[in-house]
Amino acid sequence: MNNDKVYDKAEEMAEKVLCTGDKCVCPKIKEAGLCSGCDVFMALRDYYAEEEIKSFALSDWQEIKEILDSGKAKEVFEVGDEREETLITGEKITLVLLGFGQDEKVSGGKANMTIGLKDLMDGDFEMNLEHKNAGGWDKSRMRTVYMERIFKLLPEDLRELIVPVKKCTSAGNGSTDITVSEDKLFLFSLAEIYSTRAIKKSDNGDISQNADVYQEEGEQYEYFKNLLGDADPYDDNEETIKRKANGGGSAYDWWLRSPYIGSTSIFRCVGSGGGVFGNAAGDPGRRLLRLLRVILTLNIARLVWRAVFLHTDV
């Protein structure tokens, strides 16, 4: 196989078939210490890779839907899995699986899984035309104009699987009130990236002193929990550095949807060094602040009882 991740998954499945606990059905595998040179193991690995393995990277969107419907998604997909897509403009993007069953659908229940951009799309985007954050994310130009435009750039078969979810965000203009928007695409909040503990203990006074408000904007996705743990948002971090050209270009700042609590003009951003700061919503000198981590919420399966995937609307 020419896809290392699929091949690794096939190897894991082959190992599970041949070895259970301390028992091994093939003594050669045990003797070889599992056994890259064992013909039995290699043959079984090749079989899984070629005949049965489906992956987030290689499956088409209909196949992904069928896997979710089957109830076997967590056996096939893993948080952190990636796939490449091409926008209708020809631009390449990489999607990463962020978590299962976290976002609340507008129609009720939980979205099956949430995926987002790993790096940054081309283009410069301001949150608002003026230096104001009144109305927060809900009323921002980013949400009401740019998200709709970006949605139309996605492949049609992907667009058909995306469902609106409820997103909580503070209202801006110095307010600590929380508003709820209904979004197919959205930017991360501070709390969807960083842990509760990290926000409460942050060395940044505005973050730690307003932790209760920031935490009402969501909870940390499993992807970031695995990636960051309890890392302080205020610290530079290689894991939150995002780059243009689908990861091949220069590092740039990227917006969060969280207003800067107590400010009438600033939204939170992640800087090119990977630490969180604030920037004026419409600063023309900072319009190179990159739009993304756009998030897509998929609603594809029928397993209410597993609390991971819910029934499809498509």
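User: How many disulfides does a search of the whole structure find?

Analyst: This is a predicted model in which local features need pLDDT of at least 70 and side-chain atom pairs count only at pLDDT 80 or more, while totals for chains, interfaces and linings use all residues. Residues are numbered from 1 along each chain as its sequence is written, and side-chain values use heavy atoms, with hydrogens and water left out. A disulfide is taken as a pair of cysteine sulfur atoms within 2.5 Å, and for the whole structure the search result is zero.

User: Is Cys269 buried or exposed?

Analyst: Buried stands for under 20% relative accessible area, exposed for over 50%, and partly exposed for what lies in between, with a 1.4 Å probe and protein chains only. Cys168, with a relative accessible area of 28%, is partly exposed. Because the relative accessibility of Cys269 is 0%, this residue counts as buried.

User: In which loop is Asn173 found?

Analyst: Asn173 is not a glycine, although its phi is positive at about 60 degrees, and the residue is partly exposed, with a relative accessible area of 48%. Strands are DSSP runs (E, at least two residues) and helices are runs of H or I of at least four, both numbered from the N terminus. Asn173 has its place in the loop between β6 (165-172) and β7 (175-183).

User: What is the phi of Asn246?

Analyst: Asn246 lies in the loop between β9 (242-243) and β10 (251-252), and its relative accessible area of 21% makes this residue partly exposed. Its phi is positive in a residue other than glycine, with a value near 55 degrees.
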